[in-house]
Amino acid sequence: MIAAKGLSKNFGEHRAVEALDFHVPAGALCALLGPNGAGKTTTVRLLLGLLTPTEGRAEVAGVSLPAADAAAARLRARAGFLTESPGFYDKVNGRENLEIFARLYGLTGVDLSRRVEHWLRRMDLWEARDRPFATWSKGMKQRLALIRAVIHEPEVIFLDEPTAGLDPAASREVRDLIAGFRREGRTILLCTHNLAEAAELADLVGILRRRMLAFGAPGTLSSVRPEVEITLSVDAAPMARLLGGMAGVDECRAEGSILRCTLVDIVRDTPHVVRTLVGLGADLLSVRPRVPSLEEIYLRAVREDHS
């Protein structure tokens with residue numbers, strides 16, 4: 001579980017993040033979206049206890065922040081962090097690189113060897129384990145970085161731009177791995193610029209630009225009502241007038257043979273509209289619901305904040 005209440009951070013005169021309030025329940029994946037400099041990485045560092053907030057508080061995996069040394073150590077044991085750049089030793093092989101970081105989490109002996117082998121095999125890196133890290137592909141390096149974030153079996157995982165700079169095939173591999181972590185019940189905060197990635201993976205989405213512009217399930221973020229587009233075989237104007245006052249229809253307008261109806265609830269009200277049109281003798285050629293995409297919601301939120 002991740003929660004923030006009034007979380008703010010200043011760097012001198014600069015306000016990096018301001019009054020963040022949000023809650024990510026256990027087992028959910030939250031995508032944090034925002035332009036460069038929006039405060040995403042600062043937020044992650046605050047939630048990991050790497051930065052002390054100027055104001056506010058947070059709780060991650062049962063640890064309250066800001067935290068004393070003992071509590072901070074508990075948080076490190078319960079949370080994993082994938083940084084934007086891998087940060088391994090180029091001349092050291094992949095297995096030894098992983099062992100170095102696993103020891104920092106307190107893993108030793110048989111347990112360390114067992115976990116390293118398990119994760120290298122799971123991530124399809126076992127055959128490359130003795131090759132120097134510098135010779136690995138970008139996708140392989142990112143998979144090793146993912147192992148480092150989870151080798152100590154954390155409850156919560158923070159991922160900062162996990163697919164940045166990867167080719168489409170490597171990006172697909174990483175997204176599949178993240179989806180696997182979610183299925184295992186881990187709580188995940190994913191910072192990304194990739195809106196398609198967020199739409200595919202996220203239970204919750206936060207749009208950040210110093211402050212939280214919007215937060216919630218993807219389908220609840222937009223203030224724009226969903227719309228259904230219905231193509232008729234004749235001019236749509238008469239039907240638009242008849243549907244305009246119907247329950248569940250906010251607005252209905254005609255554009256030639258096309259009806260555009262703004263609905264209160266697209267799932268509930270679309271069948272009712274279609275049945276009404278058929279009952280009135282209309283010949284329907286197509287029915288196409290249209291819900292604002294995450295990209296549209298994101299761009300609208302950032303544009304309105306900028307203005």
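Modeller: Arg-210 is situated in the loop between strand S9 (204-209) and strand S10 (211-216); helices are DSSP runs of H or I with at least four residues, strands are runs of E with at least two, and both are numbered from the N terminus. The model is a predicted one, in which local features require pLDDT of at least 70 and side-chain atom pairs pLDDT 80 or more, while totals for chains, interfaces and linings use all residues. Residues are numbered from 1 along each chain as its sequence is written, and side-chain values rest on heavy atoms, with hydrogens and water left out.

Biologist: Why is Arg-210 called partly exposed?

Modeller: The relative accessible area of Arg-210 is 33%. Buried means under 20%, exposed over 50%, and partly exposed in between, with a 1.4 Å probe and protein chains only; Arg-210 is therefore partly exposed.

Biologist: What is the phi of Arg-210?

Modeller: Arg-210 has a positive phi of about 70 degrees, although it is not a glycine. Most residues other than glycine have a negative phi.

Biologist: Which loop holds Ala-61, and what is its phi?

Modeller: Ala-61 belongs to the loop between strand S4 (55-60) and S5, and its phi, near 50 degrees, is likewise positive in a residue other than glycine.

Biologist: How do you know whether Ala-61 is buried or exposed?

Modeller: The relative accessible area of Ala-61 is 7%, so Ala-61 is buried.

Biologist: Which peptide bond is cis?

Modeller: The bond from Leu-65 to Pro-66 is cis, with omega near 0 degrees. Pro-66 sits in the loop between strand S5 (63-65) and H2. Most peptide bonds are trans.

Biologist: What makes helix H1 largely enclosed by the rest of the structure?

Modeller: Helix H1 (residues 40-47) has eight residues, and six of them are buried, so the helix is largely enclosed by the rest of the structure. The buried ones are Lys-40, Thr-42, Thr-43, Val-44, Leu-46 and Leu-47. Just after H1, Gly-49 adopts a positive phi of about 75 degrees.

Biologist: Why does Asn-93 count as buried?

Modeller: Asn-93 counts as buried because its relative accessibility is 11%. Asn-93 is placed in the loop between S6 and H3.

Biologist: What lies 2.7 Å from a polar atom of the side chain of Asn-93?

Modeller: The backbone nitrogen of Glu-96 lies at that distance. A polar contact is a pair of N or O atoms within 3.5 Å; within protein, one must be able to donate a hydrogen and the other to accept it, and residues adjacent in sequence count only if both atoms are side-chain atoms.

Biologist: Which residues does Asn-93 touch?

Modeller: With contact meaning heavy atoms within 4.5 Å, and residues up to four places away in sequence not counted, Asn-93 touches Arg-129, Asp-130, Arg-131, Pro-132 and Phe-133.

Biologist: Why is Thr-187 called buried?

Modeller: The relative accessible area of Thr-187 is 2%, so Thr-187 is buried. Thr-187 is placed in strand S8 (residues 187-191), and a polar atom of its side chain lies 2.9 Å from the backbone nitrogen of Gly-27.
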